[in-house]
Amino acid sequence: MSSYKLKNFNLRGRGEIIRLIFAVSGKQYSDDRIDFEQWWAQKNRAPLGQLPYLKIGSVELPQSMAIARFVARETGLSGKDSLEQTQVDAVVETIMEPVNYFYSFVFSIEDPDEKDEAFRDFLEKQGKNGAKNVEKLIEIYGSNGYSVGDSLTWADLAIFDTVHSLLIKHPKFSQSFPVLNRVYENVKANPSVANCVKNRP
């Protein structure tokens, strides 16, 4: 059996969805958390000079979404058939549109006041529009508090991860999106997710 080692910064960010998939599936893996001071000495050893990446035996796999999709397939969280898997991908890609915007245009702003203003603008535009689009897909594809089908997939975990991050900065964000919030609360109640959130740094 291949061993799995996730190498990522000692924070949540883009690698947290991978940790959630491993946690829910119960699949054993090594969570190698790297401090920024350590990273500069290791950067040249990473496949693309960036984190996260996943080591599967002797193979190194970069790109967070490719890793998440792979681990979801390996652990039975990618969807029951090829159609569900594609629906899951559609939900995740829709979630990632505002997430990618945030990392490209908000995350790296250094001035606190400018960053706060940019975040408020992000929530009002990309955040709300993204949430509405995800709700549209949930209403088409999902049921019983799941975004696709009637059981947990990594799309639900991606929704949880994104909404959880937003709620830290804007505690009332999900109140305006009851369909999205139902999936979030459903995942939040999962014992494996609750344990992962409780014990992470």
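**Ground rules.** I number residues from 1 along each chain as its sequence is written, and my side-chain values use heavy atoms, with hydrogens and water left out. Because the model is predicted, local features need pLDDT of at least 70 and side-chain atom pairs count only at pLDDT 80 or more, while totals for chains, interfaces and linings use all residues.

**Fold.** I looked up the secondary structure first. The protein chain has eight helices and four strands (DSSP runs: helices are H or I with at least four residues, strands are E with at least two, numbered from the N terminus). From the N terminus the order reads β-α-β-α-β-β-α-α-α-α-α-α.

**Size.** I checked the radius of gyration, taken over C-alpha atoms, against the globule rule of 2.2 Å times the number of residues to the power 0.38. For 201 residues a compact globule would come near 17 Å, and the protein chain has 17 Å, so the two agree. The C-alpha box along the principal axes is roughly 45 × 45 × 30 Å. I find 44% of the 201 residues buried (under 20% relative accessible area; exposed is over 50%, partly exposed in between; 1.4 Å probe, protein chains only).

**Salt bridges.** I list ten in the structure (a side-chain nitrogen of Lys or Arg within 4 Å of a carboxyl oxygen of Asp or Glu).

Asp-32 meets Lys-7 at 2.5 Å, N to O. Asp-32 sits in strand S2 (residues 30–34) and Lys-7 in strand S1 (residues 4–9), so the pair ties together parts 25 residues apart in sequence. Asp-32 is partly exposed at 23%; Lys-7 is buried at 10%.

Glu-16 pairs with Arg-200, closest N and O atoms 2.8 Å apart. This pair links distant parts of the chain, 184 residues apart: Glu-16 is in helix H1 (residues 16–25), Arg-200 in the segment after helix H8 (191–199). Both Glu-16 and Arg-200 are buried. I also traced a salt-bridge network through Glu-16, Arg-19, Asp-31, Arg-33 and Arg-200.

Glu-124 meets Lys-128 at 3.1 Å. They are four residues apart in helix H5, so about one helical turn separates them. Lys-128 is partly exposed at 31%.

**Patch.** I noted a negative surface patch of Asp-111, Asp-113, Glu-114, Asp-116 and Glu-117 (residues with over 30% relative accessible area and no salt bridge, like charges joined within 9 Å). Asp-116 lies in helix H5 (residues 112–141). Its relative accessible area is 44%, so Asp-116 is partly exposed.

Definitions and conventions. Patches are made of residues with over 30% relative accessible area and no salt bridge: like charges are joined within 9 Å, nonpolar side chains (Val, Leu, Ile, Met, Phe, Trp, Tyr) within 5 Å. Accessible areas come from the Shrake-Rupley method with a 1.4 Å probe; for residues, only the protein chains shown count as cover. Lys and Arg count as positive and Asp and Glu as negative; His and the chain ends are not counted. The place of a charge is taken as NZ of Lys, CZ of Arg, CG of Asp or CD of Glu.
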